[in-house]
Amino acid sequence: NRQFLFRPHHVGMPKSVVAREMALKFNPDAKIVAHHGNIKDSQFGMDYFKQFSVVMNALDNVDARRHVNRLCVATEKVLVEAGTTGFLGQVYVIKRGETACYECFPKPTKKVYPICTIRSTPDKPVHCIVWAKQCFQLLFGHREASMLFEPPDGPDPSVFMPTVNAHPAVGDHKAILKYARDVLVALFNTEIRKQLAMDKYKTARFVPQPVDEALIDANCTEGAAPSLAGGASWKTQVWGAEDCIMEICQCVLEVYATAEAAGLLGSYEFDKDTSQAMRFVAAASNLRSHVFGITLQSFHDAKGVAGNIIPAIATTNAIVAGRQVTELFKILSERGTVAEVCRYTDCVRYKTRRGLLLQAAKLECPVATCFVCNQAIVDVAINTATTTLQEFVDQVLKRRLGFNEPTVMIGDGEVYAEGQDAEDFSSNLPRHLKDLPSGGMRHGTMVSVDDFSQDMEVQVCIHHEETFDPEKGAENFRVVNRRAGTASAPPPPPAQSDAVPPGNGDDDEVEEIEPMPSSSGQGQKRPRSEEKGADAAAPMPPGGGLTKAPRYSAPDSS
Ligand SMILES: [Zn+2]
């Protein structure tokens, strides 16, 4: 595990350079070349990958993994892929034509919360934490980018924006407390009453209760915030409404107290490790939970959700790295094909009945509907009359399908290109799909998408669909892969469910938060070899049981 190679005096140096130096101390005869750069840069393209026998991944995000997967598929290089999430990990080997690739199985997507839930109808603490982060941005950060921002020329006059915009004089504590008081009244009383008057909660399970103005008045004081009490217990205690009001006042005071802090107004960004930002979010989310009858949380719990923390565990990384190396030895020994000699290994937290912490299973076969390793066609259902080429490129091609520098062709006509020496098609970006040159993208149009940097060419079949409503939390497109040569069909609508669909929505509209990991091996499916065996009836491990999730789906955090 490379984590163990780094020492305090290495801070600020490229990790690859330090790792090389330290590894050479173990074996001075090794030949190691360190590169410091982004794996998606063109210098690490096809020719770079072609020089290797095997590629070992040690990446920390899905995007880079997809990119390396594509280059290894294109160059037919064996890829040893690995990842960990807390105590869980997995290692497997990818070889084009022999085993499933990284993209043969869909990856779990982040949870997305619809904007209307955040703004008007929260029913979970996490909804209030998302709102509080937006509130922090509205008050101290780039306010126009906040989900709560209401423009002055909007159809419906805002009851809180004029108050938010009436900044107090820097250093004038009395004026600052008055400002905090007015903002609290506007957001937690006036705005709630406005929404109540609009009959938004006629059928609601819980009718929100505005925070009493008298309660706000009584607690807008200096020096009484729970975080000033000393000791560490304020972090684990659940703050009541009064505590939250006092803490919010304290945070506002801190921002406006000095010219230095106030000078940063407009550029504050939420960071869970910045005390003031996290105290504000913990207090504001709790006060909102109070309004909507949602369980209150401690600062500590709010931080866990707000910061989306999954701890990286050095020993898990070391175990997984070790398993990568044993797979490497098997590959280099050439005792058989990759599919024959290599294994998929799950690193689990609790021993199985057989006493195993590492569970090995045969590698999966390539999936026929994979557009990366099997040239499947991608069906995209989308509203071609309202979606612009810019949205199509950003959300469908890059975010969902993982393209790096896509070139888009309708028939023989190029309508978009990226990368070195690419023609400038920026005038097409604001156009709606149906209005593009070469006949536009309409129902049934086949679009070729090429990416030279990944040596990928994919056929995308467009299905026009009128009814997408991002406000309801749905995506504004659907994607499904199909085996080449099979009949064209639009992607089916998602199954009816209360669950919020996984999202690739616009960042400006929704907040994404990873679901909190359970303390058990949840999300890990045991290998098939054990499913029908004695272990199928294994007792539940402490903290929960194993659930049936597809393999190759563990989150990738390390
Ligand atoms: Zn594949």
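**Exercise 1.** Determine how H5 and H12 are oriented relative to each other.

*Solution.* Two packed helices are described by the angle between their axes and the distance between the axes. In this predicted model, local features need pLDDT of at least 70 and side-chain atom pairs count only at pLDDT 80 or more, whereas totals for chains, interfaces and linings use all residues. Residues are numbered from 1 along each chain as its sequence is written, and side-chain values use heavy atoms, with hydrogens and water left out. Helix H5 (residues 125–140) packs against helix H12 (residues 299–306) at about 80 degrees, the axes being 10 Å apart; the axes are lines fitted to C-alpha atoms over the stretch in contact, with angles running from 0 to 180 degrees between N-to-C directions. H5 and H12 are therefore roughly perpendicular, a term that covers 65 to 115 degrees.

**Exercise 2.** Identify which residues of H5 meet which residues of H12.

*Solution.* From H5, Val126, Ile129 and Lys133 meet Ala302, Val305 and Ala306 of H12, where contact means heavy atoms within 4.5 Å.

**Exercise 3.** Decide whether glutamine 250 counts as buried or exposed.

*Solution.* Glutamine 250 lies in helix H9 (residues 241–257). Because its relative accessibility is 12%, glutamine 250 counts as buried, the cut-offs being under 20% relative accessible area for buried and over 50% for exposed, with a 1.4 Å probe and protein chains only.

Terms used. Helix = DSSP H or I, 4+ residues; strand = E, 2+ residues; numbered from the N terminus. Parallel < 35°, antiparallel > 145°, perpendicular 65-115°, else oblique.
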